[in-house]
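I opened this structure to see how the chain is laid out and where a few residues sit. My notes follow in the order in which I looked things up.

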Amino acid sequence: MSTDNAASPPAGAGGAREQAGRFWRSRAPRERQLIAAMALVLGLFIVWLIAVRPALATLREAPAEIDRLDAQWQQMQIAAAESAGLRSASPVPPQQASEALRAATERLGGKGKIALQGDRAVLTFSGVPFEALRDWLGEVRSAARARPIEAQLLKGASGYSGSISITMAGSS
């Protein structure tokens, strides 16, 4: 076996190289300069598209993304602190918890009805605005030490309808 065959390019590549060389030599010096300039511009354009433009976009978008993630992290810290506070809070006696549930439900007006069943309760509501539902959940979490275990919500033109099942803090 000869080592010349392994080092030489394939026959098609050699022919293409030779043909390109003939093309280049047949051009006038001014045409060669124009072709070289176009190749340089095309190369710079490709580098711009592949490397520079995406990097600049990342630099432009990074501050807003960092601010968004920072705000999300702060919200998570607030939720973690609230969770730790609720976990360390002393349990509420069942009578006091049921009174807190009834009081929170009365703030919904005639749009909500609470049904107590041992250590669980089910709020059935119709046409309740988001803010009122959020406030109700916050109040029963803090005052009755209750946590939601199931929710069925349907958004309508007049607000939310559905039911939320909750359990008292002493149960699992």
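**Entry 1: I114 and its surroundings**

I looked up I114 and found that it touches R102, T105, A121, V122, L123 and W136, leaving out residues up to four places away in sequence. A contact here means heavy atoms within 4.5 Å. The model is predicted, so I note that local features need pLDDT of at least 70 and side-chain atom pairs count only at pLDDT 80 or more, while totals for chains, interfaces and linings use all residues. Residues are numbered from 1 along each chain as its sequence is written, and side-chain values use heavy atoms, with hydrogens and water left out.

I114 lies in strand β1. Helices (H or I, at least four residues) and strands (E, at least two) are DSSP runs, numbered from the N terminus. Is I114 buried or exposed? I114 is buried, because its relative accessible area is 18% and buried means under 20%, with exposed over 50% and partly exposed in between (1.4 Å probe, protein chains only).

**Entry 2: T105**

I found T105 in helix α4, residues 94–106. T105 counts as buried because its relative accessibility is 6%. Its contacts, again without residues up to four places away in sequence, are G112, K113, I114, L123 and W136.

**Entry 3: the strands**

I then followed the pairing, where two strands pair if DSSP finds at least two bridges between them. Strands β1 (residues 112–117) and β2 (residues 120–128) run antiparallel and are joined by six bridges. K113 has T124 in β2 as its bridge partner. The hairpin of β1 and β2 has two residues between the strands, and G118 takes a positive phi near 70° there.

β2 is also joined to strand β4 (residues 159–168), by seven bridges in an antiparallel arrangement. In that pairing V128 stands opposite Y160 in β4.

How many bridges join β3 to β4? I counted ten between strand β3 (residues 146–156) and β4, and the two run antiparallel. A hairpin connects β3 to β4 through two residues, and G156 stands opposite G159 in β4.

**Entry 4: R145**

R145 is in the loop between α5 (130–143) and β3. R145 has a positive phi of about 55° although it is not a glycine. Most residues other than glycine have a negative phi. R145 is partly exposed, because its relative accessible area is 21%.

**Entry 5: the whole chain**

I listed five helices and four strands for the protein. Along the sequence their pattern is α-α-α-α-β-β-α-β-β. The radius of gyration is 36 Å, well over the 16 Å that the globule rule gives for 172 residues, so the protein is more spread out than a compact globule. This radius is taken over C-alpha atoms, and the rule is 2.2 Å times the number of residues to the power 0.38. The C-alpha trace spans about 100 × 45 × 30 Å along its principal axes.

Buried residues make up 17% of the 172 residues. Among contacts between residues at least 6 apart in sequence, 51% join residues at least 24 apart.
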